[in-house]
Amino acid sequence: MKILHKAVAGSLESSDVLISVEPADEGLSINIESVVLKQWGARIRQVVEESMQAAGVSQARVDVRDHGALECTLKARIETVLLRAGR
Amino acid sequence: MGLFRSQLYVPCKGPGMLQNCAYMNADAVILDLEDSIAQGEKDAARILCKYALQNVDFQGVGRIVRVNGQDTEFYADDLEMIIPCCPDAIRLPKVEDADGAREVDERITAIEKKAGIPVGTVKVHAMLETAKGVLNAREVANAAPGRVTAISLGGQDLAADMGIMRTLEGTELLFGRSFVVLAARDARIMAFDTPFTDLDNTQGLRDETKFVIQLGFSGKAAIHPSQCKVINDAFAPDLKTLKKAITVVHAAREAAARGIGVISVNGKMVDKPVVEQAEAVVARANADNMPEVEDL
């Protein structure tokens, strides 16, 4: 999948996560802000990386602002943002 | 299929409420992809709903998904994504005739087959929200046996379709409610009532729920968690009625064991319809965990 334009999904409400994805010239850069960064930061990164890999996204800038989302919510928002951003 | 006394609408907008569906006192939740979701967020709602159905523990609370109507661009995608997650039922808005019920049946059947799910797993609750839909209630209720297991009245949209205002006493909906219940009972399926929209009027909700139970409805939609307990309590029988029903059920069981058909309780003849009514009362008490039914 190629990221064609910037897209956003989710929200900054409690238990949700706001994710934005935009095109990048090279590589995958992932920025994470989370209220539970110390406890779950590594897992959030792993889920984002695995989701990008599964979707075949190798070049993108991904911004994750997590407000305590469950993993299933994180995956739902990633699927949505990729649907909106790419082809 | 479980109980459907109180059915709480939960917008598939944010995950906060979705992941707490088990704690709302509702018999079932209606995960909404339709009216509560903005046009530009339909994709996000559908995907969030899918992940919630796959991952959230609803702890036995019924899972109904209100999809977008058949006349929308979202309808087919909603079903394609949601049916493989096996919710208990799909609530389909604005069904107007038997063709609409048959179309959704055929579409769900195809998706179930493709997904390797037994055909008929996901039921349909058809919403009757227009004058035409209500008048075709019998055809809709009988159009897809085993698939359409309930019809529900959409009071707000029906009032709009008829160009009338809804009132507290609900006289304007009386014929529609009565007709929908009769059609449902005729087809041996359930009938669900429209939500009570005044959140501050608990007594009004209680009165309306008792009224629609009297008409024969099996459940009522709720638009706030605080309404669920009021609705459930309204379905519980009063003690006098319950004690009388327990006596009848006891007598009927003893008679059945002795091979007797018609029985007498407190000097009155009790036949099959009376026993069935008594069993229904006991079932409602059971649903509310009333201690009086423990001995049965």
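Me: Which residue of S4(A) does Val17(A) stand opposite?
Reply: Val17(A) stands opposite Asp66(A). Keep in mind that this is a predicted model.

Me: How do S2(A) and S4(A) pair, parallel or antiparallel?
Reply: Antiparallel, over 6 bridges. Strand S4 covers residues 60–66 of chain A.

Me: What is the strand order in that sheet?
Reply: The order is S1-S2-S4-S3 in chain A. It is an open sheet of 4 strands with mixed pairing.

Me: Which strands stand at the edges?
Reply: S1 (7–10) and S3 (28–34) of chain A. Each has a single partner strand, so one side of each has no neighbour in the sheet.

Me: And how many degrees are neighbouring strands turned against each other?
Reply: 10 degrees on average, with direction ignored.

Me: What does Ser20(A) touch?
Reply: Leaving out residues up to four places away in sequence, Ser20(A) touches Lys6(A), Ala7(A), Val8(A), Arg61(A), Val62(A), Asp63(A) and Val81(A).

Me: New topic, helices. Which strands does H1(A) lie across?
Reply: Helix H1 (residues 37–55) lies across S2, S3 and S4 of chain A. H1(A) runs at about 145 degrees to S3(A).

Me: At what angle do H1(A) and H2(A) cross?
Reply: Roughly 40 degrees, and their axes come within 10 Å. The crossing is right-handed.

Me: Which residues make that contact?
Reply: From H1(A), they include Ile44(A), Val47(A), Val48(A) and Met52(A). From H2(A), Leu74(A), Ile78(A) and Leu82(A) are among them. By class, the contact has 8 nonpolar, 1 polar and 3 charged residues.

Me: Now the cores. How many residues has the largest nonpolar core?
Reply: 71 residues. Those with the most contacts inside this core are Leu31(B), Val65(B), Leu79(B), Ile90(B) and Ile151(B).

Me: Which helix gives the largest share of this core?
Reply: Helix H2 (residues 42–55) of chain B, with 7 residues.

Me: What does Val65(B) touch?
Reply: Among others, Leu31(B), Leu33(B), Cys49(B), Leu53(B) and Ile90(B). Residues up to four places away in sequence are not counted.

Me: What other core lies apart from the largest one?
Reply: A core of 21 residues. Ile3(A), Ile30(A), Val48(A) and Met52(A) are among them.

Technical notes: Residues numbered from 1 in each chain as written. Chains lettered and ligands numbered in written order. Predicted model: local features only at pLDDT ≥ 70, side-chain atom pairs only at ≥ 80, totals over all residues. Heavy atoms only, no water. Core = buried A, V, L, I, M, F, W, Y, C linked by side-chain atoms within 4.5 Å. Buried < 20%, exposed > 50% of the residue type's maximum accessible area, 1.4 Å probe, protein only. Helix = DSSP H or I, 4+ residues; strand = E, 2+ residues; numbered from the N terminus. Contact = heavy atoms within 4.5 Å. Pairing = 2+ DSSP bridges. Axes fitted to C-alpha atoms, helices over the stretch in contact; angles between N-to-C directions. Left-handed = near helix turned anticlockwise from the far one by under 90°. Nonpolar A, V, L, I, M, F, W, Y, C, P; charged D, E, K, R; others polar.
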